[in-house]
Protein chains: 4
Amino acid sequence: MGFKVSLLSHTPEPEKVVATAAKLCYSNTSVENIFDRLDDEAIKNFLSFLVEIGHQSPLEHVSFTFGIEGVSRSFTHQLVRHRIASYSQQSQRYVRLDGFEYVIPPSIEEDEELKTIFEDTMREIARTYRVLTEKLQEKHRAAFVSKGFSDKEAFKRAEKMAIEDARYVLPNACETKIIMTMNARELLHFFGERCCNRAQWEIRSVADKILEIVKEVAPNIFRFAGPKCIKLGYCPEGKFSCGEFEQVKKKYLGKREKDENN
Amino acid sequence: MGFKVSLLSHTPEPEKVVATAAKLCYSNTSVENIFDRLDDEAIKNFLSFLVEIGHQSPLEHVSFTFGIEGVSRSFTHQLVRHRIASYSQQSQRYVRLDGFEYVIPPSIEEDEELKTIFEDTMREIARTYRVLTEKLQEKHRAAFVSKGFSDKEAFKRAEKMAIEDARYVLPNACETKIIMTMNARELLHFFGERCCNRAQWEIRSVADKILEIVKEVAPNIFRFAGPKCIKLGYCPEGKFSCGEFEQVKKKYLGKREKDENN
Amino acid sequence: MGFKVSLLSHTPEPEKVVATAAKLCYSNTSVENIFDRLDDEAIKNFLSFLVEIGHQSPLEHVSFTFGIEGVSRSFTHQLVRHRIASYSQQSQRYVRLDGFEYVIPPSIEEDEELKTIFEDTMREIARTYRVLTEKLQEKHRAAFVSKGFSDKEAFKRAEKMAIEDARYVLPNACETKIIMTMNARELLHFFGERCCNRAQWEIRSVADKILEIVKEVAPNIFRFAGPKCIKLGYCPEGKFSCGEFEQVKKKYLGKREKDENN
Amino acid sequence: MGFKVSLLSHTPEPEKVVATAAKLCYSNTSVENIFDRLDDEAIKNFLSFLVEIGHQSPLEHVSFTFGIEGVSRSFTHQLVRHRIASYSQQSQRYVRLDGFEYVIPPSIEEDEELKTIFEDTMREIARTYRVLTEKLQEKHRAAFVSKGFSDKEAFKRAEKMAIEDARYVLPNACETKIIMTMNARELLHFFGERCCNRAQWEIRSVADKILEIVKEVAPNIFRFAGPKCIKLGYCPEGKFSCGEFEQVKKKYLGKREKDENN
């Protein structure tokens with residue numbers, strides 16, 4: 001897959017922050033005192049305890065900011081439905097996408113005939129996008145000039161109006177970039193939904209990559225992270241179940257065991 | 001424009017509910033007492049007072065549920081970025097869109113040449129979508145049958161996988177349907193952003209239609225609703241301003257005055 | 001218990017709205033068509049299906065507004081921590097609470113000696129509150145008058161400043177009133193946390209009462225509602241478990257069976 | 001005032017993260033490219049531009065975690081009403097508060113007579129709390145032992161039940177500790193509401209302290225932060241206005257100018 005996820009920033013010492021917040025609820029000493037006295041062993045133990053009793057709210061105090069690139073608009077339309085998060089996305093209203101890049105689903109890419117049809121259509125769309133942009137821009141530019149705008153300003157305003165409408169032909173496959181910030185509690189929920197085999201392949205791939213990244217930064221927080229069946233101990237999807245609970249468990253918890261032996 | 005907005009449901013007696021909630025904050029009698037004693041005049045006066053002092057939180061107690069149809073995926077991608085709301089959208093992963101409908105931007109529709117180019121591309125996309133769906137479905141179906149699934153179940157699962165990938169060619173213009181629930185406070189914010197002349201034309205048209213609908217149901221709540229310049233008394237967009245403050249004011253407050261004379 | 005919960009308002013036909021929203025995701029007909037064709041049987045079946053596959057988001061389209069009275073400030077401090085909800089609460093900054101009412105915990109009320117100690121302290125607090133209010137108000141009033149405010153305005157502003165500070169002596173037990181609006185999805189989560197035997201008795205009593213009320217209005221939505229162990233099939237609280245899973249199940253699902261036989 | 005606010009953690013390089021996220025919306029290069037090329041000058045300019053056009057969403061990508069101590073329960077009850085934030089608070093259900101500390105409002109502390117009345121009542125409450133805790137604990141302990149719990153476990157469970165009910169006598173003035181995480185966008189909103197002269201003195205003092213802290217870390221983000229009148233250019237509170245707009249402006253923007261000259 002051609003997408004790329006980078007961890008742009010995150011709350012420093014995330015596990016210590018979570019442990020401090022959780023400990024405060026049950027303690028009578030000062031915040032500073034709690035924070036300063038927590039060593040790695042204590043943090044690890046306390047986070048295990050939190051996971052055991054399901055006390056999730058302290059996980060909200062730490063958040064992670066990712067750059068996600070080379071993904072489709074289909075993907076981002078699904079992604080931004082997660083409302084407890086913050087997003088900044090490359091805008092098709094402001095960025096001209098002549099010769100846009102696109103995501104090809106693997107099932108299409110691996111079949112020569114389908115790939116050709118798909119790519120032909122992408123080229124056709126790009127051509128139409130270019131023609132629409134140019135003609136609309138010319139039309140709007142003339143109108144702005146006649147309203148008294150400077151050539152430069154008329155050009156800019158006309159271009160924006162043009163791409164705003166030309167983009168209606170752009171496909172779901174069109175590549176986009178998005179920066180997302182999510183706290184650890186919501187990330188666990190996100191993995192629960194999107195690492196599931198029933199999730200769509202693109203968002204599942206990105207979710208897996210994000211999980212891999214945060215596990216390195218905060219292994220104790222994300223120790224049991226994965227599709228919701230991992231935590232529940234069974235698949236809740238009823239007749240839609242992928243039927244591969246054992247493999248899934250191995251994929252997400254197997255990794256964990258390997259980590260622990262290192 | 002071919003879109004359609006219908007008010008599917010809303011909190012009954014919305015202005016009375018808001019007034020009751022607001023009054024409770026400052027009062028020492030029972031909820032029932034407050035609710036039962038509020039007549040239309042008292043409600044109207046109290047809502048004016050709320051608007052004057054900017055006490056917005058009671059507006060959250062009432063919400064409105066809309067069916068929005070005949071809109072593009074461009075529109076819904078913008079819409080769902082409003083996070084303090086609830087959405088249920090027709091899924092391109094579950095609904096097969098052979099011969100899909102699409103939204104044509106007015107600037108394109110009104111130009112015969114551009115319209116032809118646009119529609120040719122839509123037809124080309126529809127063709128590709130159909131071919132991809134059929135071929136992928138056939139391929140997946142065979143795989144499911146060989147895994148032991150019944151013909152019917154294999155067909156269904158294969159179809160879902162097929163359309164999930166074929167949809168990557170579908171355009172932003174592709175029509176969709178969405179049900180949205182938003183409370184009155186968030187609606188005011190939504191109008192502030194999306195009735196603005198700088199908003200994109202499709203979401204602005206829908207926002208205007210929604211405003212028209214809720215003004216009939218709750219005229220005192222939405223009396224001053226409109227783009228944010230209406231409330232501020234000036235345009236905050238700086239050099240990007242549309243420069244048409246007077247017309248905008250007339251459009252949104254003019255309607256109001258007319259209403260009041262009735 | 002002396003508290004009172006009343007259902008002030010709710011989305012009309014809540015189960016039909018939820019079913020329509022859910023159906024739209026998988027359907028290619030119009031919103032109106034879906035809504036109009038849903039009969040009681042279809043709604044019931046579709047809601048069962050939703051519960052089975054755990055598709056919760058359509059539940060957000062319906063919300064319920066409650067008046068909650070005769071509860072303590074301890075209770076509301078816990079309640080408002082549920083952030084996906086809207087609240088309007090009687091303000092101790094604006095409402096003068098001479099001779100305030102209070103909530104007595106049952107463990108204290110049932111013991112004559114403890115009850116006496118408790119009530120003596122309440123009286124002592126009320127006395128102090130009254131003295132502080134009067135003296136502070138007199139002091140502030142003089143200051144406002146000397147600043148040139150009218151007698152009436154000086155009185156009002158002085159009173160507000162006085163009660164704002166006098167309330168620091170008021171106890172957690174002090175009675176308050178709050179109006180809360182919550183959607184059905186969040187209500188299910190709320191019941192999961194607060195109907196649990198580990199929840200504090202006051203919020204558990206109110207949660208049980210709310211559940212009783214909404215079950216009458218939307219029995220198919222809240223059929224399996226209750227503490228989270230009901231849905232999970234086991235208690236997730238580890239060593240803190242109340243150890244009474246069977247009784248709990250009977251309490252919440254037993255009711256259900258009885259309902260169904262009617 | 002005896003409260004203490006400490007900045008426990010925050011997104012590193014907050015202004016760079018915000019500028020990167022904002023720039024991505026309008027740009028066609030990679031996230032990494034944008035991030036790496038932003039120097040201090042560019043960040044400052046871009047943030048000014050964001051403020052000018054009111055593009056607030058990129059501010060959500062950075063968050064700040066504070067330890068807040070020596071504050072009253074009155075304060076936290078107001079604080080947690082800000083729902084776009086995360087909280088972990090010392091629990092009165094789990095932490096035994098014999099000899100609790102308390103906050104005295106300045107208007108009371110500066111008057112010898114009122115201070116004495118106030119402190120006498122605090123002592124009376126502490127006495128009642130202690131008696132209730134001891135007697136309830138003894139009663140519950142006996143019950144747990146008779147149910148077969150070990151002495152130690154019976155003691156612990158009984159203590160929790162006892163303080164859970166004894167706390168009903170504790171006053172609003174009772175000191176508490178809370179850890180709060182808020183993103184920069186919500187902080188701006190928080191300052192707008194709580195730095196206002198109409199806000200209650202305790203939350204206003206804490207808000208001012210928080211603003212002072214974040215201004216050091218991210219001066220360009222919080223340059224114009226303060227009560228909402230600062231941004232609007234006028235007071236929106238109508239007849240409730242404090243009438244001191246000029247002094248307020250000087251307090252919040254004056255500081256700024258001094259900063260800039262350094």
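Between chain A and chain B, about 4,700 Å² of area is buried, with carbon and sulfur atoms giving 50% of it; buried area here is the accessible area (1.4 Å probe) that two parts lose on being put together, summed over both. The model is a predicted one, in which local features need pLDDT of at least 70 and side-chain atom pairs count only at pLDDT 80 or more, while totals for chains, interfaces and linings use all residues. Residues are numbered from 1 along each chain as its sequence is written, chains are lettered from A in the order in which they are written, and side-chain values use heavy atoms, leaving out hydrogens and water.

Chain A is superposed on chain B by a rotation of 180 degrees with 0.0 Å of shift along its axis, at an RMSD of 0.0 Å (least squares on the C-alpha atoms of residues with pLDDT of at least 70 in both). The two copies are thus related as by a two-fold rotation axis. Within chain A, Pro171(A) has the C-alpha nearest this axis, 2.0 Å from it. Contact residues of chain A recur in chain B at 100%, and the same surface serves both copies.

In total, 56 residues of chain A are in contact with 56 residues of chain B (heavy atoms within 4.5 Å). Four salt bridges are counted between the chains, a salt bridge being a side-chain nitrogen of Lys or Arg within 4 Å of a carboxyl oxygen of Asp or Glu. One such bridge joins Lys135(A) to Glu113(B), with the closest N and O atoms 2.6 Å apart.
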